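Me: I have a model open and want to learn to read its features one at a time. Please take me through it.

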Amino acid sequence: MRIVLAALGLLTTAPALAQHTDLPPADKVNEALDNHPSVAAAIARVEAARARGDMLRKGPHEVTVSGSYIRRTVDREGGFDEFDTTISRPFRLPGKAALDREAGALGIEVAENQMEDVRHQTALLLAGYWHDWLTAGSHYRNDLDSVRGLEEAIAAIKRRVTLRDAAQLDLDQAQAALAQARAQAASSLSLREQARVTFAASFPEIPLPSEPPELADPMLPAQGLEAMRDLVIERSHEIRAADKEAQRLNVTSRRVRADRIADPSFGVRLFSERGGAEAGAGVVALIPLGGGYRRAAADQASAEANAARMELAAVQRSIEATANADLSNAHTRLDAWRNADASARSAGDAAERTVRGYQLGQIDLSDMLYARRQANDARRMEIEARSEADRALLKIQIDSHSIWAPDEAGHD
(Lines give C-alpha, C1' and ligand atoms only; values in the text may rest on other atoms or scores of the structure.)
Protein backbone atom coordinates (compact mmCIF):
# COMPACT_ATOMS: atom_id res chain seq x y z
CA MET A 1 0.00 0.00 0.00
CA ARG A 2 2.96 2.34 0.36
CA ILE A 3 3.40 2.09 -3.40
CA VAL A 4 -0.25 3.04 -3.86
CA LEU A 5 0.23 6.06 -1.62
CA ALA A 6 3.29 7.09 -3.63
CA ALA A 7 1.28 6.86 -6.84
CA LEU A 8 -1.42 9.01 -5.28
CA GLY A 9 1.25 11.49 -4.34
CA LEU A 10 2.17 11.81 -8.00
CA LEU A 11 -1.47 12.51 -8.77
CA THR A 12 -1.76 15.30 -6.23
CA THR A 13 1.55 17.08 -6.69
CA ALA A 14 1.26 20.17 -8.90
CA PRO A 15 4.24 21.27 -11.01
CA ALA A 16 6.05 24.43 -9.95
CA LEU A 17 7.72 25.64 -13.13
CA ALA A 18 8.72 29.19 -13.92
CA GLN A 19 6.92 31.30 -16.47
CA HIS A 20 7.54 30.37 -20.13
CA THR A 21 9.59 27.25 -19.30
CA ASP A 22 7.01 25.29 -21.25
CA LEU A 23 7.37 27.36 -24.46
CA PRO A 24 9.64 26.56 -27.43
CA PRO A 25 12.83 28.64 -27.87
CA ALA A 26 12.07 32.19 -28.99
CA ASP A 27 14.55 32.07 -31.89
CA LYS A 28 12.89 28.94 -33.26
CA VAL A 29 9.46 30.52 -32.88
CA ASN A 30 10.54 33.65 -34.75
CA GLU A 31 12.07 31.52 -37.49
CA ALA A 32 8.88 29.49 -37.81
CA LEU A 33 6.72 32.61 -37.94
CA ASP A 34 8.91 34.32 -40.54
CA ASN A 35 8.90 31.20 -42.74
CA HIS A 36 5.19 30.47 -42.45
CA PRO A 37 3.47 30.58 -45.87
CA SER A 38 0.90 33.14 -44.70
CA VAL A 39 3.62 35.50 -43.49
CA ALA A 40 5.69 34.91 -46.64
CA ALA A 41 2.65 35.80 -48.76
CA ALA A 42 2.15 38.99 -46.75
CA ILE A 43 5.82 39.89 -47.25
CA ALA A 44 5.35 39.42 -51.00
CA ARG A 45 2.38 41.80 -50.83
CA VAL A 46 4.67 44.39 -49.22
CA GLU A 47 6.99 44.08 -52.22
CA ALA A 48 3.99 44.51 -54.49
CA ALA A 49 3.03 47.66 -52.59
CA ARG A 50 6.56 49.02 -53.04
CA ALA A 51 6.28 48.36 -56.78
CA ARG A 52 2.94 50.19 -56.84
CA GLY A 53 4.60 53.07 -55.00
CA ASP A 54 7.29 53.25 -57.68
CA MET A 55 4.60 53.23 -60.37
CA LEU A 56 2.73 56.09 -58.71
CA ARG A 57 5.93 58.07 -58.21
CA LYS A 58 6.91 57.78 -61.88
CA GLY A 59 3.37 58.22 -63.17
CA PRO A 60 1.60 56.51 -66.08
CA HIS A 61 2.45 59.20 -68.63
CA GLU A 62 4.91 58.14 -71.33
CA VAL A 63 6.22 59.57 -74.56
CA THR A 64 4.03 58.74 -77.55
CA VAL A 65 5.37 58.67 -81.09
CA SER A 66 2.93 58.63 -83.97
CA GLY A 67 3.48 59.04 -87.69
CA SER A 68 2.21 58.32 -91.15
CA TYR A 69 3.57 57.85 -94.66
CA ILE A 70 1.53 58.55 -97.76
CA ARG A 71 2.30 58.07 -101.46
CA ARG A 72 0.27 60.72 -103.30
CA THR A 73 -0.24 60.82 -107.07
CA VAL A 74 -1.34 64.05 -108.77
CA ASP A 75 -2.51 64.18 -112.39
CA ARG A 76 0.08 65.66 -114.76
CA GLU A 77 2.39 66.25 -111.78
CA GLY A 78 3.43 62.74 -110.84
CA GLY A 79 3.80 61.03 -107.49
CA PHE A 80 4.94 62.48 -104.19
CA ASP A 81 6.14 60.94 -100.91
CA GLU A 82 4.58 62.57 -97.87
CA PHE A 83 4.98 61.88 -94.18
CA ASP A 84 4.32 63.40 -90.79
CA THR A 85 5.58 62.53 -87.30
CA THR A 86 4.27 63.65 -83.90
CA ILE A 87 6.11 63.19 -80.61
CA SER A 88 4.03 64.02 -77.52
CA ARG A 89 3.85 63.35 -73.81
CA PRO A 90 1.19 64.06 -71.16
CA PHE A 91 2.26 66.05 -68.09
CA ARG A 92 0.77 65.85 -64.60
CA LEU A 93 -0.62 69.15 -63.45
CA PRO A 94 0.99 70.72 -60.36
CA GLY A 95 0.10 68.91 -57.12
CA LYS A 96 -0.89 65.62 -58.68
CA ALA A 97 2.60 64.04 -58.51
CA ALA A 98 2.88 64.88 -54.79
CA LEU A 99 -0.48 63.20 -54.13
CA ASP A 100 0.61 60.12 -56.08
CA ARG A 101 3.85 59.86 -54.07
CA GLU A 102 1.95 60.24 -50.81
CA ALA A 103 -0.59 57.58 -51.79
CA GLY A 104 2.21 55.19 -52.77
CA ALA A 105 4.07 55.67 -49.47
CA LEU A 106 0.86 55.11 -47.48
CA GLY A 107 0.13 51.97 -49.48
CA ILE A 108 3.51 50.56 -48.43
CA GLU A 109 2.75 51.32 -44.77
CA VAL A 110 -0.64 49.61 -45.09
CA ALA A 111 0.97 46.46 -46.52
CA GLU A 112 3.70 46.43 -43.87
CA ASN A 113 1.21 46.68 -41.02
CA GLN A 114 -1.00 44.03 -42.61
CA MET A 115 2.05 41.78 -42.82
CA GLU A 116 2.80 42.33 -39.13
CA ASP A 117 -0.82 41.54 -38.27
CA VAL A 118 -0.64 38.31 -40.28
CA ARG A 119 2.49 37.40 -38.31
CA HIS A 120 0.64 38.19 -35.09
CA GLN A 121 -2.31 35.99 -36.05
CA THR A 122 0.11 33.20 -36.98
CA ALA A 123 1.73 33.52 -33.55
CA LEU A 124 -1.68 33.03 -31.93
CA LEU A 125 -2.18 29.93 -34.09
CA LEU A 126 1.20 28.56 -33.03
CA ALA A 127 0.43 29.20 -29.36
CA GLY A 128 -2.90 27.39 -29.67
CA TYR A 129 -1.40 24.31 -31.35
CA TRP A 130 1.46 24.24 -28.84
CA HIS A 131 -0.84 24.33 -25.83
CA ASP A 132 -3.06 21.65 -27.36
CA TRP A 133 0.00 19.39 -27.40
CA LEU A 134 1.12 20.33 -23.88
CA THR A 135 -2.37 19.88 -22.44
CA ALA A 136 -2.85 16.48 -24.03
CA GLY A 137 0.60 15.43 -22.78
CA SER A 138 -0.18 16.48 -19.22
CA HIS A 139 -3.48 14.60 -19.34
CA TYR A 140 -1.70 11.49 -20.62
CA ARG A 141 0.91 11.60 -17.84
CA ASN A 142 -1.82 12.07 -15.25
CA ASP A 143 -3.82 9.17 -16.68
CA LEU A 144 -0.72 6.95 -16.74
CA ASP A 145 -0.14 7.72 -13.06
CA SER A 146 -3.71 6.64 -12.36
CA VAL A 147 -3.22 3.41 -14.34
CA ARG A 148 0.01 2.58 -12.50
CA GLY A 149 -1.59 3.26 -9.15
CA LEU A 150 -4.51 0.97 -9.94
CA GLU A 151 -2.19 -1.76 -11.24
CA GLU A 152 -0.26 -1.69 -7.98
CA ALA A 153 -3.50 -1.65 -5.99
CA ILE A 154 -4.77 -4.69 -7.91
CA ALA A 155 -1.56 -6.56 -7.20
CA ALA A 156 -2.11 -5.94 -3.49
CA ILE A 157 -5.80 -6.94 -3.74
CA LYS A 158 -4.88 -10.20 -5.50
CA ARG A 159 -2.60 -11.09 -2.63
CA ARG A 160 -5.41 -10.35 -0.17
CA VAL A 161 -7.84 -12.48 -2.17
CA THR A 162 -5.32 -15.33 -2.12
CA LEU A 163 -5.08 -14.93 1.65
CA ARG A 164 -8.90 -14.77 1.83
CA ASP A 165 -8.59 -11.26 3.27
CA ALA A 166 -10.61 -9.77 0.41
CA ALA A 167 -13.51 -10.91 -1.72
CA GLN A 168 -13.37 -11.65 -5.44
CA LEU A 169 -15.87 -8.83 -5.91
CA ASP A 170 -13.23 -6.37 -4.71
CA LEU A 171 -10.84 -7.62 -7.39
CA ASP A 172 -13.54 -7.35 -10.07
CA GLN A 173 -14.30 -3.76 -9.07
CA ALA A 174 -10.62 -2.81 -9.12
CA GLN A 175 -10.08 -4.42 -12.53
CA ALA A 176 -13.09 -2.56 -13.93
CA ALA A 177 -11.63 0.69 -12.62
CA LEU A 178 -8.27 -0.19 -14.21
CA ALA A 179 -9.87 -0.88 -17.59
CA GLN A 180 -11.63 2.47 -17.44
CA ALA A 181 -8.37 4.24 -16.52
CA ARG A 182 -6.54 2.53 -19.39
CA ALA A 183 -9.25 3.63 -21.84
CA GLN A 184 -8.91 7.20 -20.62
CA ALA A 185 -5.12 7.05 -20.99
CA ALA A 186 -5.47 5.70 -24.54
CA SER A 187 -7.79 8.57 -25.42
CA SER A 188 -5.32 11.10 -23.98
CA LEU A 189 -2.48 9.51 -25.95
CA SER A 190 -4.52 9.76 -29.15
CA LEU A 191 -5.17 13.46 -28.54
CA ARG A 192 -1.50 14.05 -27.75
CA GLU A 193 -0.32 12.43 -30.98
CA GLN A 194 -2.98 14.23 -33.01
CA ALA A 195 -1.84 17.57 -31.55
CA ARG A 196 1.78 16.63 -32.23
CA VAL A 197 1.33 15.90 -35.94
CA THR A 198 -0.82 19.01 -36.39
CA PHE A 199 1.84 21.23 -34.85
CA ALA A 200 4.70 19.52 -36.69
CA ALA A 201 2.95 19.93 -40.05
CA SER A 202 2.07 23.58 -39.41
CA PHE A 203 5.43 24.69 -37.98
CA PRO A 204 8.13 22.22 -39.10
CA GLU A 205 10.93 24.64 -38.16
CA ILE A 206 10.36 23.96 -34.45
CA PRO A 207 11.76 20.54 -33.45
CA LEU A 208 9.53 18.72 -31.00
CA PRO A 209 10.96 16.62 -28.16
CA SER A 210 9.75 13.07 -27.74
CA GLU A 211 7.60 14.12 -24.80
CA PRO A 212 5.81 17.45 -24.37
CA PRO A 213 7.02 19.50 -21.39
CA GLU A 214 4.77 19.84 -18.38
CA LEU A 215 2.38 22.78 -18.40
CA ALA A 216 3.92 25.58 -16.36
CA ASP A 217 2.07 27.10 -13.44
CA PRO A 218 0.48 30.36 -14.60
CA MET A 219 2.38 33.45 -13.46
CA LEU A 220 1.59 37.12 -13.90
CA PRO A 221 4.02 38.95 -16.23
CA ALA A 222 6.38 41.47 -14.66
CA GLN A 223 4.89 44.51 -16.44
CA GLY A 224 1.37 43.78 -15.21
CA LEU A 225 -1.78 42.82 -17.07
CA GLU A 226 -3.26 46.33 -17.08
CA ALA A 227 -0.16 47.72 -18.79
CA MET A 228 -0.32 44.92 -21.34
CA ARG A 229 -3.97 45.70 -21.98
CA ASP A 230 -2.97 49.24 -22.98
CA LEU A 231 -0.17 47.90 -25.19
CA VAL A 232 -2.65 45.69 -27.07
CA ILE A 233 -4.28 48.88 -28.38
CA GLU A 234 -1.12 50.95 -28.65
CA ARG A 235 0.81 48.37 -30.69
CA SER A 236 -2.07 47.04 -32.77
CA HIS A 237 -0.95 46.67 -36.38
CA GLU A 238 -4.57 46.13 -37.37
CA ILE A 239 -5.42 49.64 -36.16
CA ARG A 240 -2.33 51.06 -37.85
CA ALA A 241 -3.20 49.34 -41.13
CA ALA A 242 -6.79 50.64 -41.02
CA ASP A 243 -5.55 54.14 -40.14
CA LYS A 244 -3.03 54.21 -43.00
CA GLU A 245 -5.63 52.81 -45.39
CA ALA A 246 -8.05 55.58 -44.41
CA GLN A 247 -5.30 58.15 -45.03
CA ARG A 248 -4.42 56.53 -48.36
CA LEU A 249 -8.00 56.58 -49.58
CA ASN A 250 -8.35 60.19 -48.48
CA VAL A 251 -5.28 61.09 -50.55
CA THR A 252 -6.65 59.01 -53.43
CA SER A 253 -9.94 60.90 -53.19
CA ARG A 254 -8.09 64.21 -53.46
CA ARG A 255 -6.13 62.83 -56.40
CA VAL A 256 -9.25 61.72 -58.26
CA ARG A 257 -10.89 65.06 -57.53
CA ALA A 258 -7.83 66.83 -58.95
CA ASP A 259 -8.10 64.61 -62.02
CA ARG A 260 -11.40 66.26 -62.97
CA ILE A 261 -9.07 68.69 -64.75
CA ALA A 262 -7.34 66.33 -67.14
CA ASP A 263 -3.61 66.32 -67.74
CA PRO A 264 -2.60 68.05 -70.98
CA SER A 265 -0.31 66.56 -73.60
CA PHE A 266 2.33 68.57 -75.43
CA GLY A 267 4.59 67.64 -78.31
CA VAL A 268 6.08 68.54 -81.67
CA ARG A 269 4.99 67.66 -85.19
CA LEU A 270 7.22 67.33 -88.25
CA PHE A 271 5.79 66.94 -91.75
CA SER A 272 6.83 66.84 -95.37
CA GLU A 273 4.43 67.16 -98.30
CA ARG A 274 4.70 67.02 -102.10
CA GLY A 275 8.02 65.19 -101.97
CA GLY A 276 9.60 67.78 -99.72
CA ALA A 277 8.34 70.83 -101.56
CA GLU A 278 6.46 71.70 -98.41
CA ALA A 279 7.93 70.96 -95.00
CA GLY A 280 7.35 72.25 -91.54
CA ALA A 281 7.42 71.76 -87.82
CA GLY A 282 5.07 72.79 -85.08
CA VAL A 283 3.86 72.36 -81.52
CA VAL A 284 0.79 70.30 -80.71
CA ALA A 285 -1.32 70.23 -77.56
CA LEU A 286 -4.08 67.92 -76.40
CA ILE A 287 -6.34 68.76 -73.46
CA PRO A 288 -9.20 66.31 -72.68
CA LEU A 289 -12.38 67.93 -71.45
CA GLY A 290 -13.70 66.15 -68.36
CA GLY A 291 -17.35 65.35 -68.06
CA GLY A 292 -19.77 63.30 -65.99
CA TYR A 293 -17.48 60.27 -65.78
CA ARG A 294 -14.74 62.14 -63.93
CA ARG A 295 -17.30 63.72 -61.59
CA ALA A 296 -18.73 60.29 -60.74
CA ALA A 297 -15.23 58.88 -60.17
CA ALA A 298 -14.52 61.71 -57.71
CA ASP A 299 -17.78 60.97 -55.87
CA GLN A 300 -16.91 57.29 -55.67
CA ALA A 301 -13.43 57.98 -54.28
CA SER A 302 -14.85 60.36 -51.69
CA ALA A 303 -17.39 57.77 -50.55
CA GLU A 304 -14.68 55.10 -50.27
CA ALA A 305 -12.59 57.45 -48.13
CA ASN A 306 -15.57 58.02 -45.81
CA ALA A 307 -16.14 54.27 -45.59
CA ALA A 308 -12.48 53.73 -44.67
CA ARG A 309 -12.79 56.22 -41.81
CA MET A 310 -15.80 54.35 -40.48
CA GLU A 311 -13.95 51.04 -40.83
CA LEU A 312 -11.06 52.51 -38.83
CA ALA A 313 -13.48 53.38 -36.03
CA ALA A 314 -14.87 49.84 -36.14
CA VAL A 315 -11.38 48.32 -35.97
CA GLN A 316 -10.49 50.55 -33.01
CA ARG A 317 -13.58 49.36 -31.16
CA SER A 318 -12.82 45.74 -32.02
CA ILE A 319 -9.23 45.94 -30.77
CA GLU A 320 -10.33 47.72 -27.61
CA ALA A 321 -12.85 44.92 -27.01
CA THR A 322 -10.08 42.36 -27.61
CA ALA A 323 -7.81 44.14 -25.13
CA ASN A 324 -10.53 44.25 -22.48
CA ALA A 325 -11.40 40.60 -23.09
CA ASP A 326 -7.73 39.61 -22.83
CA LEU A 327 -7.43 41.39 -19.49
CA SER A 328 -10.65 39.94 -18.10
CA ASN A 329 -9.88 36.44 -19.37
CA ALA A 330 -6.39 36.48 -17.87
CA HIS A 331 -7.72 37.44 -14.43
CA THR A 332 -10.67 35.03 -14.42
CA ARG A 333 -8.72 32.07 -15.86
CA LEU A 334 -6.00 32.59 -13.27
CA ASP A 335 -8.57 32.60 -10.46
CA ALA A 336 -10.25 29.51 -11.91
CA TRP A 337 -6.91 27.66 -11.97
CA ARG A 338 -6.16 28.57 -8.35
CA ASN A 339 -9.52 27.17 -7.26
CA ALA A 340 -9.07 24.05 -9.39
CA ASP A 341 -5.59 23.53 -7.95
CA ALA A 342 -6.91 23.82 -4.40
CA SER A 343 -9.70 21.37 -5.28
CA ALA A 344 -7.21 18.88 -6.75
CA ARG A 345 -5.02 19.05 -3.66
CA SER A 346 -8.01 18.50 -1.36
CA ALA A 347 -9.25 15.58 -3.47
CA GLY A 348 -5.76 14.07 -3.39
CA ASP A 349 -5.58 14.38 0.40
CA ALA A 350 -9.00 12.74 0.67
CA ALA A 351 -7.85 9.90 -1.58
CA GLU A 352 -4.79 9.34 0.59
CA ARG A 353 -6.97 9.08 3.70
CA THR A 354 -9.33 6.60 2.06
CA VAL A 355 -6.36 4.45 1.04
CA ARG A 356 -5.19 4.38 4.65
CA GLY A 357 -8.73 3.62 5.79
CA TYR A 358 -8.99 0.74 3.33
CA GLN A 359 -5.60 -0.54 4.45
CA LEU A 360 -6.85 -0.55 8.04
CA GLY A 361 -10.11 -2.21 7.06
CA GLN A 362 -12.22 0.82 7.97
CA ILE A 363 -13.30 1.77 4.44
CA ASP A 364 -14.70 -0.35 1.63
CA LEU A 365 -12.87 -0.80 -1.65
CA SER A 366 -15.68 0.94 -3.56
CA ASP A 367 -15.23 4.05 -1.41
CA MET A 368 -11.49 4.01 -2.01
CA LEU A 369 -11.95 3.62 -5.79
CA TYR A 370 -14.49 6.43 -5.79
CA ALA A 371 -12.08 8.71 -3.92
CA ARG A 372 -9.31 7.85 -6.39
CA ARG A 373 -11.61 8.59 -9.31
CA GLN A 374 -12.53 11.93 -7.75
CA ALA A 375 -8.84 12.76 -7.28
CA ASN A 376 -8.11 11.89 -10.90
CA ASP A 377 -11.05 13.94 -12.17
CA ALA A 378 -10.01 16.88 -9.99
CA ARG A 379 -6.46 16.72 -11.33
CA ARG A 380 -7.78 16.62 -14.92
CA MET A 381 -9.86 19.70 -14.16
CA GLU A 382 -6.76 21.37 -12.72
CA ILE A 383 -4.80 20.57 -15.89
CA GLU A 384 -7.54 22.07 -18.05
CA ALA A 385 -7.75 25.16 -15.85
CA ARG A 386 -3.95 25.52 -15.88
CA SER A 387 -3.93 25.20 -19.66
CA GLU A 388 -6.65 27.83 -20.11
CA ALA A 389 -4.86 30.21 -17.73
CA ASP A 390 -1.57 29.71 -19.57
CA ARG A 391 -3.31 30.33 -22.90
CA ALA A 392 -4.97 33.51 -21.61
CA LEU A 393 -1.73 34.91 -20.19
CA LEU A 394 0.22 34.07 -23.34
CA LYS A 395 -2.48 35.59 -25.56
CA ILE A 396 -2.37 38.98 -23.87
CA GLN A 397 1.42 38.93 -24.20
CA ILE A 398 1.19 38.08 -27.91
CA ASP A 399 -1.55 40.65 -28.51
CA SER A 400 0.53 43.31 -26.74
CA HIS A 401 3.59 42.32 -28.82
CA SER A 402 5.52 41.65 -25.62
CA ILE A 403 6.67 38.24 -26.86
CA TRP A 404 7.63 36.78 -30.26
CA ALA A 405 7.81 40.27 -31.80
CA PRO A 406 11.52 41.01 -32.35
CA ASP A 407 10.87 44.03 -34.59
CA GLU A 408 8.45 45.73 -32.17
CA ALA A 409 9.97 48.81 -30.56
CA GLY A 410 10.14 48.55 -26.78
CA HIS A 411 9.14 44.88 -26.59
CA ASP A 412 10.32 42.81 -23.64
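Reply: Start with a charge over a ring: NZ of Lys or CZ of Arg must be within 6 Å of the ring centre and within 35 degrees of the ring normal. Here the charged end of R89 sits over the ring of F91, 5.0 Å from its centre. Some ground rules. This is a predicted model, where local features need pLDDT of at least 70 and side-chain atom pairs count only at pLDDT 80 or more, while totals for chains, interfaces and linings use all residues. Residues are numbered from 1 along each chain as its sequence is written, and side-chain values use heavy atoms, with hydrogens and water left out.

Me: How do I read an aromatic pair, and how many are there?

Reply: A pair of aromatic rings is described by the distance of the centres and the angle of the planes. Rings of Phe, Tyr and Trp (its six-membered ring) pair if their centres lie within 6.5 Å; planes under 30 degrees apart are stacked, over 60 edge-to-face, and the rest tilted. The whole structure holds 4 aromatic pairs. Take W130 and W133: their centres are 5.3 Å apart and their planes at 65 degrees, so this pair is edge-to-face. F199 and F203 make a tilted pair, with 5.6 Å between centres and 40 degrees between planes. W130, W133, F199 and F203 belong to one aromatic cluster.

Me: Where do W130 and W133 lie in the fold?

Reply: Both are in helix α4, 3 residues apart, about one turn of the helix. Helices (H or I, at least four residues) and strands (E, at least two) are DSSP runs, numbered from the N terminus.

Me: Are W130 and W133 buried or exposed?

Reply: Buried means under 20% relative accessible area, exposed over 50%, and partly exposed in between (1.4 Å probe, protein chains only). W130 and W133 are both buried. F199 and F203 are buried too. For contrast, take R45 in helix α3 (residues 37-58). R45 has a relative accessible area of 48%, so it counts as partly exposed.

Me: What does W404 touch?

Reply: Contact means heavy atoms within 4.5 Å. Not counting residues up to four places away in sequence, W404 touches residues including L23, R119, L126 and I398.

Me: Which residues of helix α6 are buried?

Reply: In α6 (residues 225-234) they are L225, M228, R229, L231 and V232. They cover an arc of only 165 degrees, so they lie on the same side of α6. The arc is that of the directions from the helix axis to the C-beta atoms.

Me: And strands: how many bridges join β1 and β2?

Reply: Two strands pair if DSSP finds at least two bridges between them. β1 (residues 64-74) and β2 (residues 78-90) are antiparallel, with 11 bridges. One of the partners is I87 in β2, bridged to V65. The two strands form a hairpin with 3 residues between them, and R76 in the turn has a positive phi of about 60 degrees.
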